[in-house]
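Q: Please take a close look at one helix and its surroundings. Walk me through its faces first, then its neighbours.

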Amino acid sequence: MHIALYKPDIPQNTAAIIRLSSCLGLKLHIVEPCGFSLEDARFKRVVMDYIGLSKIFRYGDYDIFLKKNSKFIKQISTLIYVSDNSHNFFVCCTRVNHSFI
């Protein structure tokens with residue numbers, strides 16, 4: 001299973017997903033630019049030692065991500081998070097061999 005983060009903004013959430021992917025053996029794809037530096041000491045403290053145990057792939061933009069992952073792109077499940085300040089919800093479309101963006 002793959003998890004792809006598109007332009008993540010919140011370092012704590014990204015760190016939690018890195019820890020999760022490390023524990024479950026998932027491949028994590030980060031489509032940049034991020035709203036923070038992945039090299040920042042504060043981010044590395046939040047992610048703890050899991051960053052060294054994770055399978056993390058970084059991409060400069062979405063087109064590069066699509067080009068380098070064409071093999072599993074057709075099997076992507078889309079997980080969309082929507083917030084309008086009063087309601088938060090997820091939309092999930094699943095397929096076999098799940099990958100979440």
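A: On the face of α1 turned away from its buried side sit the exposed residues Cys23 and Leu24. Exposed means over 50% relative accessible area, buried means under 20%, and partly exposed lies in between (1.4 Å probe, protein chains only). The model is predicted, so local features need pLDDT of at least 70 and side-chain atom pairs pLDDT 80 or more, while totals for chains, interfaces and linings use all residues. Residues are numbered from 1 along each chain as its sequence is written, and side-chain values use heavy atoms, without hydrogens and water.

Now the buried side. Thr14, Ala15, Ile18, Ser21 and Ser22 are the buried residues of α1. Seen down the helix axis, they fall within an arc of 125°, so they line one face of α1. That arc is taken from the directions from the helix axis to the C-beta atoms.

The length of α1 fits its residue count. Helix α1 runs over residues 11–24. At 1.5 Å a residue, its 14 residues should span 20 Å, and the end C-alpha atoms are 20 Å apart, which agrees. The expected span is 1.5 Å times one less than the number of residues. Helices (H or I, at least four residues) and strands (E, at least two) are DSSP runs, numbered from the N terminus. Just after α1, Gly25 takes a positive phi of about 70°.

What does the buried face pack against? Its partners are β1 (2–6), β2 (27–31), α2 (41–47) and β3 (55–59). Contact here means heavy atoms within 4.5 Å.

Ser54 lies in the loop between α2 and β3. At 13% relative accessibility, Ser54 counts as buried. Leaving out residues up to four places away in sequence, Ser54 touches Ile18, Ser21 and Ser22. Its side chain also reaches the backbone oxygen of Ile18 at 3.3 Å.

Next, strand β3, one of the partners of α1. Phe57 has its place in this strand. Phe57 is partly exposed, with a relative accessible area of 35%. With residues up to four places away in sequence not counted, Phe57 touches Lys27, Leu28, His29 and Ile30.

The structure holds four salt bridges, each a side-chain nitrogen of Lys or Arg within 4 Å of a carboxyl oxygen of Asp or Glu. Glu32 forms one with Arg58, the closest N and O atoms being 2.7 Å apart. This pair links distant parts of the chain: Glu32 is in the loop between β2 and α2, Arg58 in strand β3, 26 residues apart. Arg58 is partly exposed, with a relative accessible area of 43%.

Glu39 has two partners. Its side chain meets that of Lys44 in a salt bridge (3.5 Å, N to O). Lys44 is partly exposed, at 39% relative accessible area. The side chains of Glu39 and Arg58 meet in another salt bridge (3.1 Å, N to O). Glu39 lies in the loop between β2 and α2 and Arg58 in strand β3, so the pair ties together parts that are 19 residues apart in sequence. Through shared partners, salt bridges join Glu32, Glu39, Lys44 and Arg58 into one network.

Note on methods
A polar contact is a pair of N or O atoms within 3.5 Å; within protein, one must be able to donate a hydrogen and the other to accept it, and residues adjacent in sequence count only if both atoms are side-chain atoms.
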